[in-house]
Amino acid sequence: MTFVTAQTSPQTSRDRLSARVAGIAESATLAVDAKAKALKAAGRPVIGFGAGEPDFPTPQEIVDAAVAACQDPANHRYTPAAGLPALREAIAAKTLRDSGYEVSPGQVLVTNGGKQAVYEAFAAILDTGDELLLPAPYWTTYPEAVRLAGGVAVEVFAGLDQGYKVTVDQLEAARTPRTKALLLNSPSNPTGAVYSPEEVRAIGQWALEHGVWVVTDEIYEHLVYDGVRAAPVVAEVPELADTTIVLNGVAKTYAMTGWRVGWMIAPADVVKGAANLQSHLTSNVANVSQRAAVQALTGDLTAVVRMREAFDRRRRLMVSMLDAIEGVRCPLPQGAFYAYPSVEELIGKSLRGREITSSAVLAELVLTEAEVAVVPGEAFGPSGFLRLSYALADADLVTGVERVQQLLAEVR
C-alpha cells in the first residue's frame with residue numbers, strides 16, 4: 001500500500017494564508033474562556049470571569065416555542081436570507097416599544113448572532129482605507145471586523161477619569177478626511193459605561209454635522225441599573241436615521257447566546273446590500289432559532305427583569321470586593337454585566353518574584369497562581385485594566401474575587 005505524505009513547505013504560515021485572514025487576532029475573551037474550561041476539564045478548580053455569557057437558562061416559554069417550531073415542516077426549509085418576515089416585524093415592533101421610534105420590517109436584517117451583524121455593517125459602508133472612530137476600551141471584535149472589511153480603526157481612548165466615555169472634543173480631534181463612521185456602544189462591553197441622553201445627543205449631532213455614519217451596538221440595552229436609561233442615538237437625533245446602523249440581538253437580554261440570532265436596522269439600501277452579502281456567506285439564520293426569537297421579542301420581560309435583578313446584586317458585590325484591593329480602582333458600572341477595574345497602580349510592582357509589566361502579565365499570574373480567569377485590558381485597548389464578567393453564580397463570584405484579593409495582597 002502506498003501512502004501519500006505531505007511535503008514540508010518552505011512557506012511560513014503567514015505566506016500560506018491570505019494577508020486578510022493571517023492578520024486576524026484570536027478573540028481574547030473566547031481564548032481566556034477556552035483556557036479556563038480546559039483547566040477545569042483537567043481537574044483544576046478554575047473560576048472563569050472571562051466570557052460575557054449569562055449563566056441563566058433560556059426562559060422556558062422561548063424553549064417551548066423552539067420545540068414547537070421543530071415539529072413544523074415549514075421550518076425545515078430555507079427562508080429569505082434577510083430573515084423570517086414574522087421576526088423582522090417583531091424586531092420593528094420591539095424597536096418602537098423599547099427605543100421609541102419607528103422602523104419598517106424592510107429596514108431589518110436578521111443575522112447569525114451579533115458578530116455577523118457587526119461585520120456586515122462595516123462591510124456595507126467601509127471601503128478600503130476608510131476610517132472608523134473606535135472609542136476605547138472597546139469590544140475585542142470591533143477592530144478585527146473593521147480590518148476584515150478593509151477599513152482602519154482609529155482608537156479614541158477614554159480612561160477611568162472620564163468614566164470610560166469619549167467626548168465630542170476627542171472625536172473631533174481624531175476626525176480626518178478619511179473618517180467614514182463612528183462606533184458607539186452603550187451600555188458598553190467591556191466597561192459597563194452608559195452614555196447619558198445628553199452625551200448621546202451631543203455625539204449624534206456632531207456626527208450629523210460632519211456627515212459621519214454611526215454604527216451603534218445596543219445589545220445590552222435592557223441591562224441597566226440605578227434608574228439609568230440607555231438612550232438610542234436615533235431617538236435622540238432623529239435626523240441621523242439615514243446614516244445610522246443599529247446592531248442588536250437576543251443573546252444577552254434573553255440568555256440566548258447559543259441560539260445565534262442578531263440583527264441590524266439600517267436604511268433600506270444598506271439592508272439590501274448586507275442581505276446580498278449574507279445570501280452568499282450563510283443564507284438565512286436557522287429557522288428554529290428565529291421562531292424562538294419571535295417568542296422572546298413578543299413575550300413579556302418578566303424573566304429579563306429577574307435576570308437583571310440578579311446581575312445588579314452581583315455587580316454591587318463584585319465592585320465592592322474589587323475596590324477593597326489596594327492598588328485597584330473599580331468604578332460601579334451602570335450597564336451590561338462587566339466590571340472594568342484599573343490596575344494601573346500595580347504595573348511595575350512584583351508578585352511572587354515576577355515583575356508586573358502589564359495587565360496581560362497580571363492576568364496570567366491571576367490564572368496560574370489563583371486559578372481565576374480574567375481578561376486583560378490589552379484585549380480592549382490600552383494596558384492597565386482587567387475585565388471581569390459578573391454573569392456567574394454568586395458563590396463562584398465570591399470565591400473567585402476572594403482568591404484575587406488574597407493573591408494581590410502579596411504585591412510589593
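Reader: Happy to start at the surface: about how much accessible area do L17, V21 and I24 have together?
Author: Keep in mind that this is a predicted model. The three residues form a nonpolar patch on the surface. One of them, V21, is found in helix 2 (residues 19-22) and has a relative accessible area of 41%, so V21 is partly exposed. Together, L17, V21 and I24 have an accessible area of about 220 Å².

Reader: Thanks! Turning to strands, which residue in strand 4 is the bridge partner of L132?
Author: Strand 3 (residues 131-136) and strand 4 (residues 152-157) run parallel and pair over six bridges. Together with helix 7 (residues 141-148), strands 3 and 4 make a right-handed β-α-β unit. Within this pairing, the strand 4 partner of L132 is A153.

Reader: There is also an open sheet in the order 9-14-13. Which strands stand at its edges?
Author: The sheet has three strands, and their pairing is antiparallel. A strand with a single partner has one side left without a neighbour in the sheet, so we look for the strands with one partner each. Those at the edges are strand 9 (338-339) and strand 13 (375-376).

Reader: And what is the bridge partner of V375 in strand 14?
Author: Strand 13 and strand 14 (residues 386-389) run antiparallel and are joined by two bridges. In strand 14, V375 has as its bridge partner R387.

Reader: On to charges: how many salt bridges does the structure hold?
Author: Some of them link up, as in the network of D55, R313, R314 and D394. Others include the pair R315 and D312. For the structure, the count of salt bridges is 23.

Reader: Let's look at that pair: is R315 buried or exposed?
Author: R315 forms a salt bridge with D312, and their closest N and O atoms are 2.7 Å apart. The two are three residues apart in helix 13 (residues 302-323), so about one helical turn separates them. D312 is partly exposed, at 21% relative accessibility. R315 has 0% relative accessibility, and because buried means under 20%, R315 counts as buried.

Reader: How many residues apart are R352 and E410?
Author: R352 and E410 form a salt bridge, with 2.9 Å between the closest N and O atoms. The pair links distant parts of the chain: R352 is in the loop between strand 10 (350-351) and strand 11 (354-355), while E410 is in the segment after helix 15 (394-408). R352 is partly exposed at 44%, as is E410 at 33% relative accessible area.

Reader: What is the N to O distance between E364 and R354?
Author: Their side chains meet in a salt bridge. E364 lies in helix 14 (residues 359-370) and R354 in strand 11, so the bridge ties together parts that are ten residues apart in sequence. E364 has a relative accessible area of 37% and is partly exposed, and R354 is partly exposed at 33%. From N to O, the distance is 3.3 Å.

Reader: Last one, with a thank-you: which residues is A65 in contact with, leaving aside its neighbours within four places in sequence?
Author: A65 has its place in helix 4 (residues 60-70). A230, which is 165 residues from A65 along the chain, has its C-alpha atom 29 Å from that of A65. Beyond the sequence neighbours, the contacts of A65 are R291 and Q295.

Terms used. Residues numbered from 1 in each chain as written. Predicted model: local features only at pLDDT ≥ 70, side-chain atom pairs only at ≥ 80, totals over all residues. Heavy atoms only, no water. Pairing = 2+ DSSP bridges. Helix = DSSP H or I, 4+ residues; strand = E, 2+ residues; numbered from the N terminus. Right-handed = clockwise from strand over helix to strand, strands pointing away. Patch = residues over 30% accessible without salt bridge, like charges linked within 9 Å, V, L, I, M, F, W, Y side chains within 5 Å. Areas by Shrake-Rupley, 256 points an atom, 1.4 Å probe, with all protein chains shown as cover. Salt bridge = Lys/Arg side-chain N within 4 Å of Asp/Glu carboxyl O. Buried < 20%, exposed > 50% of the residue type's maximum accessible area, 1.4 Å probe, protein only. Contact = heavy atoms within 4.5 Å.
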